[in-house]
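Hi everyone, thanks for making time.

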Amino acid sequence: MADPAELALLRRARDAVDRAYAEPLDVPALARVAHMSVGHFARRFRDEFGETPYAYLMTRRIERAMALLRRGDLSVAEVCMEVGATSVGSFSARFAEVVGMPPSAYRGLDHSARARIPACVAKRADRPRRR
């Protein structure tokens, strides 16, 4: 278990991902936010939050991409760039790995039933999970 000061630094880095997921972020940059070495930061982040910093960043990006794809007014390539991914192919592969279908198939689904679900429930249900 992390001491309170270290946990606060780890949360600061996690919050940075939540705020700036679409910007170019990498583990060394996040380690600097937490004032830790890259190796120590990566180990402590995984210990505290259950996934690596990179996996957490990709989860945030995919979560936002899901919301943009549900809207339906952007292409998959536009969504890819909007969430900070640089390669449509890599983004689509990761999206399919996490969501279980490619982004184009997800975009084509009927999401109208989701409007009747309370936002707090939908947010939890929509959280991407590694398969």
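Predicted model: local features only at pLDDT ≥ 70, side-chain atom pairs only at ≥ 80, totals over all residues.

Okay, helix 6, residues 88-99. It has twelve residues and reaches 16 Å from first C-alpha to last, close to the 16 Å expected at 1.5 Å a residue. Which residues of helix 6 are buried? They're Phe91, Ser92, Arg94, Phe95, Val98 and Val99. Those residues cover an arc of only 165 degrees around the axis, so they sit on the same side of helix 6. And what do they pack against? Helix 4 (53-71), helix 5 (76-82) and helix 7 (103-108). Just after helix 6 you get Gly100, with a positive phi of about 100 degrees.

You'll find His35 in the loop between helix 2 (27-33) and helix 3 (38-49). Is His35 buried or exposed? Its relative accessibility is 59%, so His35 counts as exposed.

Now slide along to the loop between helix 3 and helix 4, where Glu51 sits. Glu51 has a relative accessible area of 17%, so it's buried. Setting aside neighbours within four places in sequence, what does Glu51 touch? Phe45, Arg46, Tyr56, Thr59 and Arg127.

On to the charged pairs. Side chains of opposite charge can pair when their charged atoms come close. The count of salt bridges here comes to seven, and I'll show you a few.

Start with Arg44. Its side chain meets Asp47 in a salt bridge, 3.0 Å from N to O. Arg44 and Asp47 are three residues apart in helix 3, which means about one helical turn separates them. Arg44 also forms a salt bridge with Glu48, the closest N and O atoms being 2.9 Å apart; those two are four residues apart in helix 3, again about one turn. As for accessibility, Arg44 is buried at 13%, Asp47 is exposed at 54%, and Glu48 is partly exposed at 27%.

Then back to helix 6 for Arg94 and Glu97, three residues apart, about one turn. Their salt bridge has its closest N and O atoms 3.9 Å apart. Arg94 is buried, with a relative accessible area of 19%, while Glu97 counts as partly exposed at 40%. Elsewhere, salt bridges that share partners join Glu6, Arg44, Asp47 and Glu48 into one network.

Technical notes. Residues numbered from 1 in each chain as written. Heavy atoms only, no water. Expected span 1.5 Å × (residues − 1). Buried < 20%, exposed > 50% of the residue type's maximum accessible area, 1.4 Å probe, protein only. Arc of directions from axis to C-beta. Contact = heavy atoms within 4.5 Å. Salt bridge = Lys/Arg side-chain N within 4 Å of Asp/Glu carboxyl O.
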